[in-house]
Amino acid sequence: MRRSLAFASILTATALSACSALAPFVGPRNACSTDVQCGAEASCVEARCVARQSSTWVVLAATPANSNQQRAFAPTTLAHQEVRAGSTRDITLARAREVRGVVRAPAGSADALVNANVRFVRSDAAANDPGVVRFSSASSDEATQGFSVFLAEGQYDVFVEPRPVAPTNPMGMEVQSLPPLVLRGALTVDFRMDPALPLPFGISYSDTLEVSGFIVDRDAGAGVGDLLVRIVDDKGAPLSTRGQTSTGSGAFRIGLAPQGSAQRWSLEISSAESAPTTGAAATSARAVYRIERDALLSNGELTGLQVRIPGLNRLARTTEGACVGCVPIEASVERAVRPLDETAGLSASVFMHGSLEDLPAGHHAWFEAYARSDARGAFTTFVLPGNYQVNITPEDESYALALSTLRVSTMVRGRTFTVPLKTSVNGVVRASLPNASPMSLVDIEAIPLNEPAPSGSAPALAPRAQTGRTDGAGAFSLRLDPGRYLIVARPSSATGFAAALTAQPVVVTTDGATPSVSLSVGAPIALRGRVLAPNQFDPVAAASVQAFARVPYTLSTGTSSSVDVSMFSAEADEDGEFEALLPAGLPAAN
């Protein structure tokens with residue numbers, strides 16, 4: 001598993017670099033007249049210190065400027081590769097071709113065309129190459145109901161999500177008349193025809209499959225109404241229209257595209273999110289029940305299903321909005337450390353997630369509730385009895401994310417969840433010169449190493465990234481949530497020094513320990529190159545160029561992963577030329 005920040009962070013990193021370049025510079029510059037001035041690990045070449053270590057490993061990326069002349073160029077990333085001192089590397093942008101089309105409704109529909117969001121995902125052998133933009137999205141135009149998107153050469157899976165129609169009844173739910181459509185390998189983009197002409201691509205719905213039946217409380221033997229029903233894939237993405245069970249009978253009817261019926265899916269039954277009419281602040285809750293296809297279909301038929309779930313009547317709503325089987329929670333969020341001029345209560349978002357146990361094979365269920373505490377820290381919500389993980393996100397960013405647990409059997413009143421202050425991570429940045437001079441006005445970023453949560457489980461708390469800047473003494477301080485971080489120092493390109501990165505993740509806890517970080521921005525390996533058009537001849541002016549370190553790390557499950565961290569960012573000049581100042585010795589991560 002690899003998490004790429006290449007294109008997601010290009011604007012942020014470029015902005016940081018630009019901000020550094022414009023700021024008044026104070027501190028040493030990379031300048032020399034003899035090797036002695038550069039220290040043991042660098043040599044003086046052309047009046048600046050350059051690293052004696054001869055190579056480094058980076059991912060190079062270029063993104064064309066957002067102009068009509070460059071729309072036919074795709075953002076391009078070169079493979080993770082070794083760069084040697086004194087070498088050059090040109091980045092040739094991939095070609096992109098405009099794809100135009102419409103989404104056609106099934107024959108006999110009232111409307112011939114469908115308003116939809118369309119996503120294109122690379123599916124050929126090159127889809128996992130570092131240089132490939134894996135997906136692009138387009139939306140049909142409201143007036144023409146057509147879509148347009150520029151795509152690089154390759155094969156694509158196509159995902160169509162029709163836009164829901166607003167209900168005629170103000171209290172009703174949005175209506176989705178057609179299910180999402182999944183077309184595997186449906187589009188091939190090439191340049192055999194005149195690439196200046198748009199590539200036509202029409203998407204047509206065939207007749208959808210009906211999935212219907214009854215949702216019944218197994219214990220009471222009666223249907224349960226007002227439940228939401230749809231079909232989802234193994235990641236929870238919808239594959240069908242959304243239906244609602246009828247009051248009294250529990251009957252439902254939804255539509256499934258034929259292509260969706262062939263893959264792994266589950267029938268998802270959920271209570272509509274609702275809130276009681278009273279409470280200290282905003283709150284909502286819902287139950288989710290999923291049954292895998294193989295556990296649901298006894299004879300392969302999609303109609304006439306009898307879905308019997310024990311205790312389902314507990315999800316029926318009372319006149320106050322809470323579910324019949326739920327119990328109320330009246331609790332509060334407080335600061336672990338309270339400044340003299342502040343109250344103990346803390347405004348925060350509170351999310352509770354509890355999995356239901358003792359279910360048949362192929363059945364998965366959980367209950368989740370969301371609440372927002374008021375200025376006094378008070379909140380109310382309601383949940384089914386069970387064991388819950390409680391995630392708390394304070395509005396005041398000086399306080400950390402908090403994780404707690406709560407066992408619920410009867411009404412909970414007076415429970416207090418305590419939120420600690422963020423932990424300070426202090427550090428200093430120095431230049432790797434013989435006198436180790438402190439570096440001021442260096443941009444600092446703490447990049448969290450987040451872990452994905454399995455589908456259907458409680459969402460993991462995701463530590464938040466944080467940025468800062470060194471002072472005149474080269475010192476910095478960041479306040480961080482608990483978690484693991486990489487910390488990178490990016491000096492202004494005007495200094496002539498390369499960026500620096502912590503060798504190991506920095507572990508942040510709330511046990512009172514204050515991590516200390518020392519970073520040394522060193523003499524660079526200078527890489528010169530050009531950004532070229534797809535013809536490999538014409539320069540591309542003003543393209544954004546970035547270099548990334550690929551940093552491996554291990555998830556708590558033992559799975560290896562890696563993250564791409566921006567170490568250099570600049571803009572190519574009018575001739576497409578750039579010079580990247582790269583840290584020496586970045587590893588060849590797997």
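This is a predicted model: local features need pLDDT of at least 70, side-chain atom pairs count only at pLDDT 80 or more; totals for chains, interfaces and linings use all residues.

Biologist: What makes Arg550 and Asp564 a salt bridge?

Modeller: The cut-off is an Arg or Lys side-chain nitrogen within 4 Å of an Asp or Glu carboxyl oxygen. At 2.9 Å, Arg550 and Asp564 meet it. Arg550 sits in strand β41 (residues 544-554) and Asp564 in strand β42 (residues 560-571), so the bridge ties together parts 14 residues apart in sequence. Both Arg550 and Asp564 are buried.

Biologist: How many salt bridges do you get by that rule?

Modeller: The count is 25. One of them joins Arg48 to Glu579, at 2.6 Å from N to O.

Biologist: Why is Arg48 called buried? And what is Glu579 called?

Modeller: Buried means under 20% relative accessible area. Arg48 has 18%, so the label is buried. Glu579 has 28%, so Glu579 counts as partly exposed. Arg48 and Glu579 also belong to a network of salt bridges that includes Arg528.

Biologist: And how do you know that Arg84 and Glu82 form a salt bridge?

Modeller: Their N to O distance is 3.6 Å, and the limit is 4 Å. Arg84 is at 45% relative accessibility, so that residue counts as partly exposed. Glu82 counts as partly exposed too, at 29%.

Biologist: On to the cysteines. What makes Cys32 and Cys44 a disulfide?

Modeller: Their sulfur atoms are 2.1 Å apart, and the rule asks for sulfurs within 2.5 Å. The S-S torsion of Cys32 and Cys44 is about 95°, so this disulfide is right-handed. Cys32 lies in the loop between α1 (10-22) and β2 (42-45), while Cys44 is in strand β2, so the link ties together parts 12 residues apart in sequence.

Biologist: Are Cys32 and Cys44 buried or exposed?

Modeller: Cys32 is buried, at 10%, and Cys44 is buried at 19%.

Biologist: How many disulfides are there by this rule, and which handedness does the link of Cys38 and Cys49 have?

Modeller: There are 2 disulfides. Cys38 and Cys49 form one of them, with sulfur atoms 2.0 Å apart. The torsion there is -85°, and the link is left-handed. Cys38 is in the loop between α1 and β2, and Cys49 is in strand β3, 11 residues apart. Cys38 is at 3% relative accessibility, so it counts as buried; Cys49, at 1%, is buried as well.

Biologist: Now the sheet. Why do β8 and β40 count as paired?

Modeller: Pairing takes at least two bridges. Strands β8 and β40 (residues 525-532) have 2 bridges, in the parallel sense. Across them, Thr92 has Leu532 in β40 as its bridge partner.

Biologist: What is the strand order in that sheet, and which strands stand at the edges?

Modeller: The open sheet runs β8-β40-β43, with mixed pairing. Strands β8 (91-92) and β43 (577-582) are at the edges with a single partner each, so one side of each has no neighbour in the sheet.

Biologist: Last one: what makes Pro310 partly exposed?

Modeller: The label covers values between 20% and 50%. Pro310 has 31%, so it is partly exposed. Pro310 lies in the loop between β24 (305-309) and β25 (327-335).

How values were computed. Residues are numbered from 1 along each chain as its sequence is written. Side-chain values use heavy atoms; hydrogens and water are left out. Helices (H or I, at least four residues) and strands (E, at least two) are DSSP runs, numbered from the N terminus. Buried means under 20% relative accessible area, exposed over 50%, partly exposed in between (1.4 Å probe, protein chains only).
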